[in-house]
Amino acid sequence: MQMNRKVGACAAALSVLTAFFSSPAWSDWQMNMPRGVTTISREVYGLHMMVLWVCVVIGIGVFLAMIVAIVRFRKDAGAQAAKFSHNTMAEVVWTSIPAIILIAMAVPAAETLVKMEDTTESELTIKVTGYQWLWHYDYIDDNVSFFSVLDRKSNEARRLRSGIDPATVENYLLEVDNPLVVPVDTKVRLLITSGDVLHAWWMPEFAVKKDAVPGYINEAWFHATEEGTFRGQCAELCGRDHAYMPIVVNVVSREAFDEWVAENARPTMTQAD
Amino acid sequence: MSTTAIDVHAGHHPKGVLPWIMRWITTTNHKDIGTLYLTFALLMFFIGGAMAMVIRLELFQPGLQFVEPHFFNQMTTVHALIMIFGGIMPAFAGFANWLIPMMIGAPDMALPRLNNWSFWLLPFATTLLLMTFFLEGGASASGWTMYPPLSLQTGAALPFSIFAIHLLGLSSIMASINIIVTVLNMRAPGMALMKMPMFCWTWLITAYLMLLAMPVLAGAVTMLLTDQFFGTSFFTASGGGDPVMYQHIFWFFGHPEVYIIILPAFGIISQVIPTFSRKPLFGYASMVYATAAIAFLSLIVWAHHMFTVGMPLGGQLFFMLTTMIIAIPTGVKVFNWTATMWRGSLTFETPMLFAIAFLFLFTIGGFSGLMVAIVPADFQYHDSYFVVAHSHYVLVPGAVFGAFAGAYYWLPKWTGHMYDERLGKWHFWLSVIFVNLTFFPQHFLGLAGMPRRIPDYAVQFTNFNMMSSIGAIGFGLAQLIFVWVVIKAVRGGPKATDQVWEGAEGLEWTVPSPAPHHTFETPPVIK
């Protein structure tokens, strides 16, 4: 009797929730890491799925044992308690098998990590500086540099009780005035630092996340294999507007990139200027 | 049957309001101090929980509806500080105080006056911390981790927060000394270390970890203080310092800290599961060694909180490997608890329900922990909601459910009354459903790209945030049932026997319920 009422209550709650969540404005249910658009991001996705599957399989095994124990060895099903409290063989097995699984996972992880740390032979270098609360990009070999700030429409809508529905703002909190532009199929190296407090540059589709540390320079690299617009956010608490300094990267063809550089390059300053 | 418990309770404590207050202020009795810790912790859980409610309320929908971002950051910061230092650690200290002397057949803790001071530091420290909300600039808002340079932008709250942390750390250090001295010196004759209840073992090891870790935290925050006020530049590059050095020092404390939080819960589970399985704990020696291994390893993994700071490859590989290795002794413990239930004779009173939920859900937290250990993948998880999900799975259905299991298990011993089992089950089922509704979707949010410590988010994160917030509200409200259970049990209920639970073993179950004010004034003889 008790059970039926509980089940009914759960069903009612679930249907309310389902109806609520079907509203069209908020229909994104992404549950998994993106595969991304770089050589490394796909490897990272692969590692993530590998460790996830290992956990799922072990989890099913362990939870099954727990559930069987709970069901079969209930006192009110007449179960009599055994007296054993040791089994050395079992302990050896369930210590060594996990150890082997861990080593098996560590090897590909280490391989990918070694590749991620290899910033040599980059074709393009961009200096990235985090500030409270915006990014600065400097193409040091091309004389292009600019600030990248949260887009105005997002900035208005995000104010406390602004009255503006975020769903009406395109790419709410993920749009900037000046995106980073990079060429496709190019190894791009980022030199990341900060002008004030810690920030972090995170682009999920590239599997790049690196802290911006004031007074120090960190390196990261990516090699995008697809054109498109990709969005990320600052990933280190940096104060009041930590949520409001997004990152937008336009990956474009080599030609489009060269044009863009030509349009945006500043003439070099000389003493007389 | 060697209890020489003389109840001098009635003659001991005179009537009247002032004497009652003085009793609680000046008590050196381990049971009273245990009660003080537990009551204080329960209050702090609601204060920290209220802050979590503010957080989840703001995150219910995209857009900013309730609080300014700066206040939101104060909420996330103080929520964690209160829950960790005011909630879970004092709760387990309360368990330690109540139970360790009884479990080893000792009349009290080794240093009873120190014990009193260890507790009474806490209300002062947390008041100091909470009053910083009323200072100019508000409370600390740089996260409970307080990374510089951001933490050096804190206003007047900084020195008060740091002082509060010093007091909280001092309390823990003194409690650790007390526990170590008590366990090593005051066990009854025949109670060899390898015959001690697991709860005593886990607390002994926890106490050593605290001695190693808490002073390091004190060092880290003191360096923040001197950087701010006394012209040092430990964490400023222009002065020759390094912000990342703070992270190393902090996490050298911080990682053992999370094991300090969970090991007592492990100890409680190791008491509860054998009782309700009517079967001895499987692999007692392995459990002791596994706990010690976990504690040792916890000292050499700290930089796994820092994989994105720009660490050399060798460092990343080292910390990845040591972190992954911790899965082995932790797995041993999970398997041993399961093996304890295997071919037992199980009943499912509320303590056992919480213990089983711990087993399932802490394991899930352990799995996400293994995932974040894989460095290349961690570059995607770090500082995202995936980490929030992981940490809260091990903390809430981990440590907190461990505390609930212990509370229900020992409430009859403490109060002399059986608690209301029906209410207990309601508390359990609502808690377990809502805790999962709160934190499981956060895995998805992290994988989908949502960073942590943000008051507002892009609209594609709405659905899971809504679920999480609904779960949080439900979970918070469900905890009121627990308060009612405790109050009811204190006031009355069916009389509890000495043993209380059919399968219960251990010295605490040989004394009457409620346990007399003084127990084991003459040590029992253990065979």
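Analyst: Axes are lines fitted to C-alpha atoms, for helices over the stretch in contact, and angles run from 0 to 180 degrees between N-to-C directions. Helices (H or I, at least four residues) and strands (E, at least two) are DSSP runs, numbered from the N terminus. This is a predicted model, in which local features need pLDDT of at least 70 and side-chain atom pairs count only at pLDDT 80 or more, while totals for chains, interfaces and linings use all residues. Residues are numbered from 1 along each chain as its sequence is written, and chains are lettered from A in the order in which they are written.

User: Why are helix 7 of chain B and helix 8 of chain B called roughly antiparallel?

Analyst: The axes of helix 7 (residues 198-229) and helix 8 (residues 243-277) of chain B cross at roughly 165° and come within 8 Å. Angles under 35 degrees count as roughly parallel, over 145 as roughly antiparallel, 65 to 115 as roughly perpendicular and the rest as oblique. The two helices of chain B are therefore roughly antiparallel to each other.

User: What makes up the contact between chain A and chain B?

Analyst: Residues are in contact if their C-beta atoms, placed from the backbone, lie within 7 Å. Chain A gives 80 residues and chain B gives 81 residues. Helix 3 of chain A supplies the largest share of chain A's side, 14 residues.

User: What is the confidence in chain B?

Analyst: On pLDDT, the predictor's confidence in each residue from 0 to 100, chain B averages 96, and 98% of the residues score at least 70. Over residues 1-11 of chain B, pLDDT stays under 50.

Conventions:
Contact = placed C-beta atoms within 7 Å.
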